[in-house]
Amino acid sequence: MIEKHFILEEADPVVFFGVNNANLRLLRALCPKLRIIGRDNVLKVMGSEEEMAGFEETFHALEHHSSKFNRLTEEDIITFVKRRVSEHEPDEEAIVYSTGGKPITARTENQRRLVEAYAGNDMLFAVGPAGSGKTYIAIALAVRALKNKEIKKIILSRPAVEAGEKLGFLPGDMKEKIDPYLQPLYDALQEMIPAVKLQEYLATNVIQIAPIAFMRGRTLNDAVVILDEAQNTTTAQIKMFLTRMGWNTKMIVTGDRTQIDLPSSQRSGLTEALRILAGIPGIVFVEMTKKDIVRHKLVTRIVEAYETDAARQKAEKEGHSTVSVADRGRL
C-alpha cells in the first residue's frame, strides 16, 4: 500500500469537496479500494499502486473540470470515475464560466470584435456607453488567461474620481478608502471566480486592484492589465499607465466619453489617447454602441434619451451662435 498527497492547485476546495463534503463522500463510495481523506486543499489517498495510478488520472480530470466550469456535480464525478468521457463538451463560444457554471460569452457583434481583437493584439481600447459589456468582457478575458496559465497576474485599475458628488472624508485604512471606487471590478470577479479562490488570489497579489496613481514606477510583465473608467483619467495619467507595459502583457482600456467626471478645466486622457494613438500598429480600438447594451432594456432607452437631449442642446447652441453673428453683422 502506498500513500500520496494530491494538492488542489487550480480548483476551489469548496467547489471540489462539495457542500458538507458531499463530493468527497461520493468519491470515497466510488473508489472503495482507496482510503481518501480531504483537508484544506489536499487529498491524502492510500491504496495499491494500480488503484492509485487510475485515481491520479481521475483526480486531475476532476480538478480541471471543477476549475474550468466552477462546479462539480454528482453526475460529473460518476462520469469521470467510470471513464465514460474525459470531459463534458465545452461551449466553444464561452470565454470563461461563472461561479454558477454558466458560460460567459460575447453577446453582441462588438463584444465579439473585442474578444477577437484580444487574440491578435497587445493593447485594446473599448469605448462605449454604460452597460455595453466593456469591463465585463475585459475581465472575463483576463480570468481566462490566468486559468490557462498564459499570464501570472491580473491587474485592474481605475481612477479614484467621484461621479459628480463629493463624498468627503472616508474612514479606514488605504484599502478601505479606495475600495468603494473599485467595487464594480470586485463585482465582476466574484461572478467568475469562487470566493475562496478569489480571496487567495487577492491575498497573494495574483489579482491586484488599485487606483491608477499606484501604477507609477512599475513595469508590468506577464499580466493582463485593465484600466476601467479611463474617461476620468488626465492625459498625464493615461500616458503613465500605458507606458507601464512589459513583456508578455496585454492592456485593455475601457471608458465612456459621455460620462466624464473631471473638472471642466481638464481634458479627458481617454479622448486624447484615442486621437494621439490612432493608426499605431498593435493598438486596436473597438467602439461600442447602444446596440451592445446588455443590461435592462430601460438602460438603452435612458442612453437614447440623453443622446437626443445632448443633440438638441448642441443644435440650439449652434443656432444661437449663428443668430448672434448675424445680429453683429447688421450692427
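Surface, rings and charges

Colleague: Is D40 buried or exposed?

Modeller: Buried means under 20% relative accessible area, exposed over 50% and partly exposed in between, with a 1.4 Å probe and protein chains only. D40 has a relative accessibility of 62%, so D40 counts as exposed.

Colleague: What pLDDT do local features need in this model?

Modeller: Residues are numbered from 1 along each chain as its sequence is written, and side-chain values use heavy atoms, with hydrogens and water left out. The model is predicted: totals for chains, interfaces and linings use all residues, side-chain atom pairs count only at pLDDT 80 or more, and local features need pLDDT of at least 70.

Colleague: Which loop holds D40, and what is its phi?

Modeller: D40 is placed in the loop between β2 (35-39) and β3 (42-47). Helices (H or I, at least four residues) and strands (E, at least two) are DSSP runs, numbered from the N terminus. D40 is a residue other than glycine, yet its phi is positive, near 55 degrees.

Colleague: What is the phi of K149?

Modeller: K149 is in the loop between α6 (134-147) and β7 (153-158). With a relative accessibility of 61%, K149 counts as exposed. K149 is not a glycine, but has a positive phi of about 60 degrees.

Colleague: Which residues make the nonpolar surface patch of about 350 Å²?

Modeller: Patch residues have over 30% relative accessible area and no salt bridge; like charges are joined within 9 Å, and nonpolar side chains (Val, Leu, Ile, Met, Phe, Trp, Tyr) within 5 Å. Accessible areas come from the Shrake-Rupley method with a 1.4 Å probe, and for residues only the protein chains shown count as cover. Y306, in helix α11 (residues 297-330), is exposed at 63% relative accessible area. The patch of about 350 Å² is made by L298, I302 and Y306.

Colleague: How many aromatic pairs does the structure hold?

Modeller: Rings of Phe, Tyr and Trp (its six-membered ring) pair if their centres lie within 6.5 Å; planes under 30 degrees apart count as stacked, over 60 as edge-to-face and the rest as tilted. On that basis, the number of aromatic pairs in the structure is seven.

Colleague: How many residues apart in sequence are the parts that F6 and F55 tie together?

Modeller: F6 and F55 form an edge-to-face pair, 5.4 Å centre to centre and with 65 degrees between the planes. F6 is in strand β1 (residues 2-7) and F55 in helix α3 (residues 49-69), so the pair ties together parts whose separation in sequence is 49 residues.

Colleague: Are F6 and F55 buried or exposed?

Modeller: F6 has 3% relative accessibility, and F55 has 3%. F6 therefore counts as buried, and F55 also counts as buried.

Colleague: Which residues form one aromatic cluster?

Modeller: F16 and F17 make an edge-to-face pair, 5.9 Å centre to centre with 80 degrees between the planes. F16 is buried at 3% relative accessible area, and F17 is buried at 7%. The cluster is formed by F6, F16, F17, F55 and F59.

Colleague: Where does K250 lie?

Modeller: A charge sits over a ring if NZ of Lys or CZ of Arg is within 6 Å of the ring centre and within 35 degrees of the ring normal. K250 lies at 4.8 Å from the ring centre, over the face of Y118.

Colleague: How far apart are the closest N and O atoms of R158 and E229?

Modeller: A salt bridge is a side-chain nitrogen of Lys or Arg within 4 Å of a carboxyl oxygen of Asp or Glu, and the whole structure has ten. R158 forms one with E229, the closest N and O atoms being apart by 3.2 Å.

Colleague: Which residues are linked with R158 in a network of salt bridges?

Modeller: R158 lies in strand β7 and E229 in the loop between β9 (223-227) and α9 (235-242), so the pair ties together parts 71 residues apart in sequence. R158 is buried at 10%, whereas E229 is partly exposed at 25%. In the network, R158 is linked with D228 and E229.

Colleague: Which residues form salt bridges with R312?

Modeller: D309 and R312 are three residues apart in helix α11, about one helical turn, and their salt bridge spans 2.5 Å, N to O. E316 and R312 are four residues apart in helix α11, about one turn, with closest N and O atoms 2.9 Å apart. R312 is partly exposed at 40%, and its salt-bridge partners include D309 and E316.
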